[in-house]
Structure formats: C-alpha cells, structure tokens
2 protein chains.
Amino acid sequence: MKKVVIIGAGFGGLSAAKKLADDDIQLTIIDKTNHHLFQPLLYQVATAALSPGDIANPIRSVFSEQDNVEVLLGEVTSIDRQKKTVQFNGSSIVFDYLIIATGSRHSYFGKDEWEKFAPGLKTINDALRIREKILLSLEAAEIEKDPEKRQKYLNFVIIGGGPTGLELAGAISEIVNQNIIPDFRNITASMTKVYMVEALPKILSTYPDDLSKRAFEDLKELGVEVLLNQRVVDISKDGVKVGDRFIETSNILWAAGNQVSPLIKTLEIETDKSGRAIVNDDLTIKNYENIFVIGDAAAVKNEEGEYIPAIAPAAMQQGRHVASIINGDRKDKSKRIFKYNDRGMMATIGKAKAVAVIKGLKFSGVFAWLLWSIVHVLFLISFRNRLRVMAEWMWHYLTNSPGIRLIVKEDSSKSTIQQLN
Amino acid sequence: MKKVVIIGAGFGGLSAAKKLADDDIQLTIIDKTNHHLFQPLLYQVATAALSPGDIANPIRSVFSEQDNVEVLLGEVTSIDRQKKTVQFNGSSIVFDYLIIATGSRHSYFGKDEWEKFAPGLKTINDALRIREKILLSLEAAEIEKDPEKRQKYLNFVIIGGGPTGLELAGAISEIVNQNIIPDFRNITASMTKVYMVEALPKILSTYPDDLSKRAFEDLKELGVEVLLNQRVVDISKDGVKVGDRFIETSNILWAAGNQVSPLIKTLEIETDKSGRAIVNDDLTIKNYENIFVIGDAAAVKNEEGEYIPAIAPAAMQQGRHVASIINGDRKDKSKRIFKYNDRGMMATIGKAKAVAVIKGLKFSGVFAWLLWSIVHVLFLISFRNRLRVMAEWMWHYLTNSPGIRLIVKEDSSKSTIQQLN
C-alpha cells in the first residue's frame with residue numbers, strides 16, 4: 001500500500017487528502033493545529049460575528065470513517081528527500097509520496113517585534129486575540145472620562161490593503177459602529193476612526209483598477225480613511241507611525257506581507273523572492289517525482305507565465321491535481337501538467353458591498369455580495385458548518401444582533417486599561 | 001432618581017438588574033467579565049459539546065434598550081458604607097442602594113499552587129483551558145508509542161463529588177469515549193480511565209441518599225472509578241496523590257471547595273466559616289438598610305434555620321426579592337423578609353442519566369434527564385442562546401457529532417507533549 005504523507009491541512013492539503021482518502025493508500029496528515037480552518041471567514045471571528053466553531057473542523061472528524069487516514073498534531077522539523085522520511089516528534093515517518101502544503105503566514109518585513117502590538121489574522125488564536133483587543137478597547141473607552149486619552153481606544157488601524165485588510169476594515173466599521181457600540185452608554189460610533197494603510201498606490205492591487213476604485217469608494221462611505229502610498233515606520237504599544245504621521249491607537253491589525261514556513265528552506269531547492277518553492281509544471285520539486293509543494297508555499301506559474309495567486313481555489317485545485325497524480329489517474333505525461341482554472345476573485349467590504357471579477361466579468365454591490373456569501377457558504381467544509389454560518393448570518397442580518405462579543409481571557413489582577421498594554 | 005449599583009452579573013446580580021432596569025432608576029452594573037455566563041452548562045464547553053457563545057451573553061446586550069443601565073468592566077476594590085461609594089478604576093461611584101452579588105470561586109484549601117495543574121470550572125476561560133488540556137492529552141496519547149508513558153494522557157481525575165464534578169466525570173466518559181476517541185487511530189476508549197475523588201462518604205452530599213447512590217451506580221456504569229472518603233494530598237505536573245495512591249495524569253479537573261470574593265472582607269461584617277457574608281432576613285447587612293449581599297456570597301438561612309444552597313435558583317430569587325425591596329414593592333416590613341421557594345435540585349450524569357429532587361419527589365433516569373434539559377434551556381438568558389443550545393444538543397444527540405473540538409492556543413515552538421507540561 002502506498003504511503004502518502006501530507007504536511008498541512010489547509011485548503012491544499014485537505015483537498016489532496018479528501019481525494020486520496022478513499023483509495024488504497026495509507027495516509028498520514030500532519031498539522032500544527034488539530035483543525036482545518038476556513039480562513040476567508042476568519043475576519044468574522046475577529047469582529048465577533050461568528051464563533052470559531054462555525055468555521056473550523058477537527059481534521060480527524062473529516063476522516064472519521066476512514067481507518068487508513070491517520071492525523072498527527074505537531075510540527076515536521078525536517079525532510080530527508082533521499083531516505084524518503086520526515087522528522088516528526090523525535091522519530092522518522094517514511095513516505096512513498098510527500099505533499100508539502102504548509103501555507104503562509106504574515107510577514108512583518110523583518111520587524112517581528114511589531115507582532116505583539118499588531119496581531120495578524122491567520123489562525124483562530126489570531127482572530128480571538130483581535131476580538132479581545134477590540135472589545136477591551138471599547139470597554140476602556142467606556143470608562144475613560146478624558147476624551148483625549150479615550151481616542152486611542154477608538155482608533156483602529158489596519159495595515160494592508162488586500163482582501164483581508166479590506167474585509168477587516170469594512171467589518172470593523174460596520175459591526176463595531178452599527179452593532180456593538182450602540183450597547184455602550186458613554187461612547188458613540190461617531191467617535192471611532194478607522195484607517196487603512198497601503199504601501200502601493202491602490203488597494204486590492206491584484207484586482208482591476210475600476211474594482212479597486214469601487215472598493216475604495218465603499219470604504220470611504222463607511223467612514224474609513226485610506227492612506228495610500230504609505231509605509232509603516234514604527235509600531236509600539238501607543239500606536240503606529242505611518243510616514244510622518246503618528247496615530248495613537250490600541251487597535252493595530254496586521255494584514256500585510258507573506259512568508260512561508262521555515263520547512264521550505266530545509267528542502268534546499270530554489271525559491272522565489274518570497275521564499276516560496278519553485279516547482280515543476282506538475283508541482284513536483286526538482287529531481288524528485290514523489291515530492292510535491294502546493295498552495296501558498298509554492299511559486300506556480302500559469303500558462304501565460306504569470307504566478308498563480310495565493311488564494312484558496314488555487315490551493316484546492318493543486319491539491320486535487322497532485323492527488324490524482326499519486327493515485328495513478330494521470331499516467332499520461334501531458335496530463336501531469338497542472339493547469340490553473342482561474343475562477344476569479346472576490347472580496348467583501350460589508351453588507352451589500354463587495355467586488356468580484358470572474359473570467360473578466362466584473363461585479364460589485366449587492367449582487368457581488370450575495371455571490372460572495374453563497375460561494376463562501378458552499379465551500380465550508382461540512383454541512384453542519386454551513387448550517388451554522390447561514391443561521392448566524394441570517395440572524396445577524398435580520399436582527400443586527402451582537403454576535404459573540406465575549407471577552408474571555410480575564411486577568412482580574414490588571415485593570416481593563418492595563419490589560420491593553 | 002435612585003442610583004443602584006450592582007456588583008456582579010451572575011444569576012443573582014442579573015436577576016436583580018432585569019427587575020430594576022425598567023424602573024425610574026439609574027443602574028450601574030460592574031463585572032470582572034463582560035458577559036453573563038450560564039454556569040450550569042459550562043462543563044459542556046469544557047468537554048467540547050457547546051461553544052462559549054452558546055451559553056454566554058454580553059451584559060450590555062441584555063440591557064441594550066435601556067439607556068438608564070450602564071455596564072462597566074472591571075473590579076470594585078473597596079466599598080465605603082458610610083459615604084455610600086464603591087471604588088472602581090481609581091474613582092468613586094456613588095450609590096443609594098448597593099447589591100453585592102460577587103458569587104464564589106473554587107477553593108484549593110490553601111494550596112493555590114495546585115491551580116495551574118488542576119483548573120477549576122467557573123469561567124469560560126476555565127472551560128477552554130480544560131477543553132484544551134483534554135484535547136492535547138488525546139493528541140499526545142495518539143503519538144506516544146510507549147503504552148506506559150501513554151497512560152498518563154488517558155487518565156482523567158476529577159476532584160469533587162458535587163454536581164459539577166459529577167457532570168464533568170459523566171461528560172468526559174461519554175463524550176471523550178463515545179464521540180472524540182473514535183476519530184483517533186492509535187488509542188481506544190477502553191484505554192481511558194476516569195476517577196472521581198470525594199472527601200465525604202458519598203457523592204452529591206446535599207442530595208438524598210438514594211439519589212446519591214443512583215448517581216454512583218450511573219457513574220460506575222460509565223466506567224468511572226469513584227474514590228470516596230479520600231482527600232487530595234498533593235498535585236503536580238505528573239499527577240495527583242490521593243491518600244496513599246498516586247495517579248499519573250495530565251488531566252486533573254478541580255470541582256471542589258468554595259470561596260467568596262475578597263471584596264466581602266472589606267465590608268467588615270460577620271461571615272460564616274466559608275467567608276460568606278452573614279445577612280439579615282431581608283438580605284441586608286447589619287446596620288445598613290441599603291446594602292444587600294445575595295447569591296453564593298451570602299450565608300442565608302431558610303425558615304427552618306438551614307442554610308440555603310448555593311445554586312442558581314436561590315440567587316435568582318434573592319436578586320428579584322432585593323430588586324422589589326429597592327423599587328418600593330415591599331414597604332410592608334413582613335414582606336421584606338426573604339422566603340426561599342425550594343424548587344429542588346437536579347444533576348445530570350450523561351445521556352438519559354440524571355437525578356432530581358423536587359419538593360421531596362425524587363426522579364432519576366431518562367425522565368430526570370429530560371426535565372434537566374428542559375429546565376436548563378428555559379433558563380438560558382436569551383432566545384438566541386436557547387435556539388443554539390437546543391440545535392446543538394439535537395444535532396449532537398442524533399448524529400453523535402464531534403462538537404467543537406478545537407485546540408486554539410498554538411504554541412508551535414513547543415512539541416505537543418511539552419505543551420502539556
């Protein structure tokens with residue numbers, strides 16, 4: 001029986017695993033967390049609109065019926081390509097085929113010390129940290145009597161003008177201002193200020209210009225101030241320095257930069273300037289027909305010679321492609337070549353505000369928003385999650401309900417304000 | 001307008017607040033957390049059967065329509081009875097009436113250093129810590145090849161034979177063994193061992209003997225070993241010493257002992273041996289007709305001269321009683337006296353296993369379990385929570401589904417096994 005090891009159970013790894021699990025294969029999935037996470041909706045956990053359990057699923061439950069699938073929690077420390085083993089938990093796991101789908105994290109451009117003041121949004125823990133920060137800031141603002149000192153808690157700065165930054169900025173404006181703040185007595189929505197900082201001349205840099213412009217207008221309508229062509233100079237517990245300007249804030253959210261797992265370096269292969277593994281056109285690494293890198297960790301080009309975007313549909317297609325190579329469906333050499341089916345991209349800004357481009361056709365407004373919602377619900381991993389998210393969204397939409405605004409980590413030895421610093 | 005300050009938004013505080021909120025009163029609610037928590041179902045969050053959001057509600061959403069209600073997050077540090085002020089966040093808040101409803105926490109009988117190895121179950125954070133511990137232990141057992149080293153991760157020890165301990169022991173046996181472990185490949189339910197440790201000669205010490213016996217039998221049926229007349233001698237990261245016996249385990253759950261908030265001491269009034277405030281028969285403290293202590297923080301006697309149990313219905317009745325004194329409904333001196341309406345007690349062990357005593361009538365088995373379920377859903381604070389919990393329970397019951405088994409706090413710098421120590 002072929003032994004396949006998959007490192008990473010994100011969109012790439014899980015898609016490959018789902019396709020291989022029913023075959024006569026011994027499958028081992030290794031992940032640093034015990035769950036598959038539907039990342040596109042993570043920003044809704046961060047803004048208290050969804051619960052973690054709505055968008056995450058333990059990996060083992062996905063494969064509960066398949067005895068040939070083993071799931072191990074932990075980190076692969078190195079790979080021996082010649083011996084065909086991976087090092088895990090102090091011992092070697094042998095493989096016939098290896099799929100590396102370790103994804104990507106944010107990059108702080110060398111300033112890793114910024115992370116503690118400016119959390120990213122890649123894991124549930126990240127989302128809960130952000131949620132906690134936002135809710136604590138509002139509570140601190142509620143009890144702070146001096147308006148100058150209070151403003152720090154009501155300023156929100158999002159670093160990064162890609163889809164994640166956009167979705168965060170929109171959600172904070174909408175959810176914080178329309179749903180959460182009305183339950184407070186001493187602060188109002190008009191006191192809050194949301195900023196988005198983007199180093200390039202436009203937000204949504206990978207989208208067509210007119211959609212970027214539309215998104216920009218939508219943000220402006222929500223009261224978000226977008227700072228283009230601006231870089232972050234410094235971040236501290238007091239705020240963020242953007243160009244010459246210092247914005248005092250306890251709410252800095254980092255949605256910029258991309259870096260891959262350090263595991264990729266141990267492969268000793270060529271990488272692009274972001275550190276992503278350069279792969280062959282069948283997603284294998286140089287000289288090894290049995291080792292694949294997929295998803296955000298790989299630098300894959302389409303037929304036009306352009307890099308495929310680091311988005312979920314791309315990772316899923318690659319995962320399924322590699323699985324069908326492994327299970328022998330693509331014996332014909334020409335079929336081994338991965339062909340990316342560009343189904344487009346979409347990003348939402350808020351209720352009835354979204355942009356989408358599909359096969360050259362552009363959409364915005366309510367239609368794009370509905371499309372976005374439907375696509376995202378359909379791609380959730382399980383029926384139960386789909387039900388929960390749909391129920392949560394409908395309830396939220398109909399009642400403007402508060403969602404899951406829980407501050408969970410109590411540290412009652414510190415005052416509310418101390419907890420933010 | 002009368003100014004009422006309520007410290008604590010648990011069952012007692014919230015019941016008082018809900019009754020006062022519609023009156024012509026300026027109400028300030030102060031709590032260390034931002035939410036009201038339905039504690040009786042907390043053990044289900046700890047065993048990954050419910051999400052925190054299913055059983056907790058932000059306090060401010062309960063009162064979102066009432067502009068006369070202010071909610072402040074933080075801790076009252078002291079009370080000045082004569083000046084009629086409470087110290088909060090560095091300033092004084094004035095009151096005409098004060099309701100102290102600070103509840104209770106577990107007591108480690110002087111051994112507070114045990115807490116880091118043996119978390120209690122009073123807050124959402126507690127429940128999530130326990131859930132994390134249980135799930136990480138199972139993951140560590142899955143990858144540990146040596147059966148002797150592995151057993152530590154598959155032993156579960158619950159300290160305390162009251163309703164909370166019982167519910168935890170039952171849920172761990174059922175949920176871990178029947179729902180969670182089947183998704184693992186290298187461990188089986190028959191390898192796990194659950195122990196309950198109780199210092200008294202019987203579990204459920206406040207229940208009639210035959211119900212205690214029934215609960216004991218139900219636990220035995222689930223494979224739980226109950227150690228009666230046994231005290232914990234020591235707790236470390238390796239396990240727990242009970243009498244002469246050392247049980248190696250990474251899963252110690254503390255559900256014993258009771259202590260009140262240190263705030264009660266600052267009142268400088270007589271307390272019982274548990275530190276609870278001795279109150280008059282109208283729940284006021286000695287010499288102060290405008291200061292009340294209710295719920296777990298108070299030592300209240302019923303008409304027979306016995307102490308009223310520290311349970312939710314008692315706190316709720318006291319909260320409502322005090323509110324009606326404050327809003328002038330009980331001007332008649334005889335009506336000021338609090339009369340406890342003993343509606344009975346119930347505890348569940350697992351699916352179709354529960355015990356209940358109501359006005360002297362005793363129930364057990366399926367009927368008691370259904371009664372328990374209905375009562376608990378009805379008393380959830382909001383319609384939305386009721387829907388969520390009912391939906392979650394029905395789904396769980398019909399599909400034996402895995403629930404919310406998420407390990408959220410990643411510390412990928414540590415191995416799985418390191419994270420447990």
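**Reading the labels**

User: Which residue in strand 15 of chain B stands opposite B:Asp234?

Analyst: B:Lys241 does, in this predicted model.

User: What makes strand 14 and strand 15 of chain B a pair?

Analyst: The cut-off for pairing is at least two bridges. Strand 14 and strand 15 (residues 239-242) of chain B are joined by 4 bridges and run antiparallel, so they qualify as a pair.

User: And why is one side of strand 14 and of strand 16 of chain B left without a neighbour?

Analyst: The sheet is an open one of 3 strands, in the order 14-15-16, with antiparallel pairing. Strand 14 (232-236) and strand 16 (245-248) of chain B stand at its edges with a single partner strand each, so each has one side with no neighbour in the sheet. The twist there averages 15 degrees from one strand to the next.

User: What does the open sheet 6-7-8 of chain A look like?

Analyst: That one has 3 strands too, and its pairing is antiparallel. Strand 6 (76-80) and strand 8 (91-94) of chain A are the edge strands, each with a single partner, so one side of each lacks a neighbour. From one strand to the next, the twist averages 30 degrees.

User: What makes strand 5 of chain A largely enclosed?

Analyst: Buried means under 20% relative accessible area. In strand 5 (residues 69-73) of chain A, 5 of the 5 residues are buried, so the rest of the structure largely encloses the strand. In a regular strand, side chains alternate between the two faces of the sheet. Here both faces are covered, with A:Val69, A:Val71 and A:Leu73 buried on one side and A:Glu70 and A:Leu72 buried on the other.

User: In which sense do strand 2 and strand 5 of chain A pair?

Analyst: In the parallel sense, over 5 bridges, with strand 2 covering residues 25-31 of chain A. A:Leu27 has A:Val69 as its bridge partner in strand 5.

User: Why is B:Asp282 called buried?

Analyst: Its relative accessible area is 9%, and the cut-off is under 20%, so the label holds. B:Asp282 is in the loop between strand 19 (277-278) and strand 20 (284-285) of chain B. Beyond its neighbours within four places in sequence, B:Asp282 is in contact with B:Phe292, B:Ile325, B:Arg336 and B:Phe338.

User: What makes the link between the side chains of B:Asp282 and B:Arg336 a polar contact?

Analyst: Distance is one part of the test: the N or O atoms must be within 3.5 Å. For B:Asp282 and B:Arg336 the value is 3.0 Å. A polar contact of 2.5 Å also joins the side chains of B:Asp282 and B:Thr284.

User: How do you know that the buried residues of helix 8 of chain B line one face?

Analyst: They are B:Leu211, B:Ser212, B:Ala215, B:Asp218 and B:Leu219. Looking down the axis of helix 8, these buried residues fall within an arc of 120 degrees, so they line one face. On the other side, B:Asp209, B:Lys213, B:Lys220 and B:Glu221 are exposed. Among the elements covering the buried residues are helix 7 (163-180) and strand 12 (193-197) of chain B.

User: What about the span of helix 8 of chain B?

Analyst: Helix 8 (residues 209-221) of chain B has 13 residues and reaches 18 Å from first C-alpha to last, close to the 18 Å expected. Just after the helix, B:Gly223 takes a positive phi of about 90 degrees.

User: What puts the buried residues of helix 11 of chain B on the same side?

Analyst: The buried set is B:Gly365, B:Ala368, B:Trp369, B:Trp372, B:Ser373, B:His376 and B:Val377. Around the axis they cover an arc of only 160 degrees, which places them on the same side of helix 11. B:Ile374 and B:Leu378 are exposed on the other side.

Terms used:
Residues numbered from 1 in each chain as written. Chains lettered and ligands numbered in written order. Predicted model: local features only at pLDDT ≥ 70, side-chain atom pairs only at ≥ 80, totals over all residues. Heavy atoms only, no water. Helix = DSSP H or I, 4+ residues; strand = E, 2+ residues; numbered from the N terminus. Expected span 1.5 Å × (residues − 1). Buried < 20%, exposed > 50% of the residue type's maximum accessible area, 1.4 Å probe, protein only. Arc of directions from axis to C-beta. Contact = heavy atoms within 4.5 Å. Axes fitted to C-alpha atoms, helices over the stretch in contact; angles between N-to-C directions. Polar contact = N/O pair within 3.5 Å; in protein donor to acceptor, adjacent residues only side chain to side chain.
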